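Let's take a walk through this one together. Have a look at the sequence and the fold first, and then we'll go through it piece by piece.

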Amino acid sequence: MFNRTTKLYIFLAFVGLVVLTLFPVIGEAQTTEPRPFVGRYQLTMGPPPAANSSITGLTGTYDLRVELRCDGWLSTEVMDFTMQTATGPLPRTSARSRSWESLDGRGYRYQLTVSRGNQIVEEVDLKALMAGTGQPGKAEFTKPKTRTVDLPPGTMFPHDYMLFLAEQAAIGQNFAGRTVFPGWGPGKPLSYAARMGPPENTPPGQTNGLDAIGASVYWPMEMVVSDPSTGQSLLKQAMTLRADGIAGSYLFDYTTFTMSARLTQVQALPLPKCN
């Protein structure tokens, strides 16, 4: 449970980057630009997990702030939840993360602190840079230990991958796969593969703030993240993702349990004033 919970939070820190950058769709009166925003998600257990699961319940919140700066996207996340078992609750797990990605997709910084109860169980601090389009790059970790990871040519950071994913969805493609370096989990480039359904209209009458932000189509999507060296699946997720980059819901499948995240509050943030 310790390792699984840690991986869960490390991946959810990537969720903030997932919602930053999906934008291209066609249609009047639709919000089609990536939108800075602040939102809160309610965390609960998903559909019934596997029969051998020891997890019987889950409650918590996920707060996400996505800001557009003149040099890139900045995401700040705070996540807290408690899992229930047949013998009682587990210590509360909390994650605090901060990530930045340059507008040209070449630069990336990522920091994460995960605690369980009052004890820190995971820390990540890194910066990465690609030499240029189609060229290799390097990631330099200072936590959990000092090391350098080579990034092969064509490696994307989360922002760039999601732009690619949005472009493919906008032209009617239903699959997009690439090598991505998010920094979480094993701390190396991973395989991302996403399947996108046809666009749908966000239903009117949303009480969480989406109506005030504006109309937008969304895509139902499913994504699998795996280790390219072993083929092992690290995480599966489904989501409903609006064209302006705001996700209405997520479902994370960890084999022995699932977790649902539902958007309950959202507010648009102002655009930066850049020279």
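Let's start at serine 249, which is partly exposed with a relative accessible area of 24%; here buried means under 20% relative accessible area, exposed over 50%, and partly exposed in between, with a 1.4 Å probe and protein chains only. Before going further, a word on provenance: this is a predicted model, where local features need pLDDT of at least 70 and side-chain atom pairs count only at pLDDT 80 or more, while totals for chains, interfaces and linings use all residues. Residues are numbered from 1 along each chain as its sequence is written, and side-chain values use heavy atoms, with hydrogens and water left out.

Back to serine 249, then: you'll find it in strand S15, residues 247-253. (Helices, H or I with at least four residues, and strands, E with at least two, are DSSP runs numbered from the N terminus.) If we skip the neighbours within four places in sequence, serine 249 is in contact with Ala238, Met239, Thr240 and Ala261, contact being heavy atoms within 4.5 Å. With threonine 240 there is also a side-chain to side-chain polar contact at 2.9 Å. That term takes a pair of N or O atoms within 3.5 Å; within protein, one must be able to donate a hydrogen and the other to accept it, and residues adjacent in sequence count only if both atoms are side-chain atoms. Serine 249 and tyrosine 41 are 208 residues apart along the chain, and their C-alpha atoms are separated by 8.1 Å.

Tyrosine 41 turns up again among the aromatics. Tyr41, Tyr62, Tyr250, Phe252, Tyr254 and Phe257 form one aromatic cluster. The count of aromatic pairs comes to nine, where rings of Phe, Tyr and Trp (its six-membered ring) pair if their centres lie within 6.5 Å, and planes under 30 degrees apart count as stacked, over 60 as edge-to-face and the rest as tilted. Take tyrosine 250 and phenylalanine 252: their ring centres are 5.6 Å apart and their planes sit at 20°, so this pair is stacked.

What about the charges? The structure holds seven salt bridges, each a side-chain nitrogen of Lys or Arg within 4 Å of a carboxyl oxygen of Asp or Glu. One of them pairs aspartate 63 with arginine 40, the closest N and O atoms being 2.6 Å apart. Aspartate 63 lies in strand S2 and arginine 40 in strand S1 (residues 37-45), so the bridge ties together parts that are 23 residues apart in sequence. Aspartate 63 is partly exposed at 23%, and so is arginine 40 at 30%.

Aspartate 80 and arginine 96 make another salt bridge, with 3.4 Å between the closest N and O atoms. This one links distant parts of the chain, aspartate 80 being in strand S3 and arginine 96 in strand S5 (residues 93-102), 16 residues apart. Aspartate 80 counts as buried at 15% relative accessibility, whereas arginine 96 is partly exposed at 39%. Elsewhere, shared partners join the salt bridges of Arg65, Glu67 and Arg69 into one network.

Now for the covalent link. There is one disulfide in the structure, meaning a pair of cysteine sulfur atoms within 2.5 Å, and it joins cysteine 70 to cysteine 274 with S to S at 1.9 Å. The link is left-handed, with -95° about the S-S bond. Cysteine 70 lies in the loop between strand S2 (55-68) and strand S3 (72-85), and cysteine 274 in the segment after strand S16 (258-268), so the pair ties together parts that are 204 residues apart in sequence. Cysteine 70 is partly exposed at 46%, as is cysteine 274 at 41%.

Last stop: helix H2, residues 158-170. Its 13 residues reach 18 Å from first C-alpha to last, close to the 18 Å expected at 1.5 Å a residue, the expected span being 1.5 Å times one less than the number of residues. H2 is mostly covered, with ten of its 13 residues buried, among them Tyr161, Leu163 and Phe164. Just after H2, glycine 172 takes a positive phi of about 90°.
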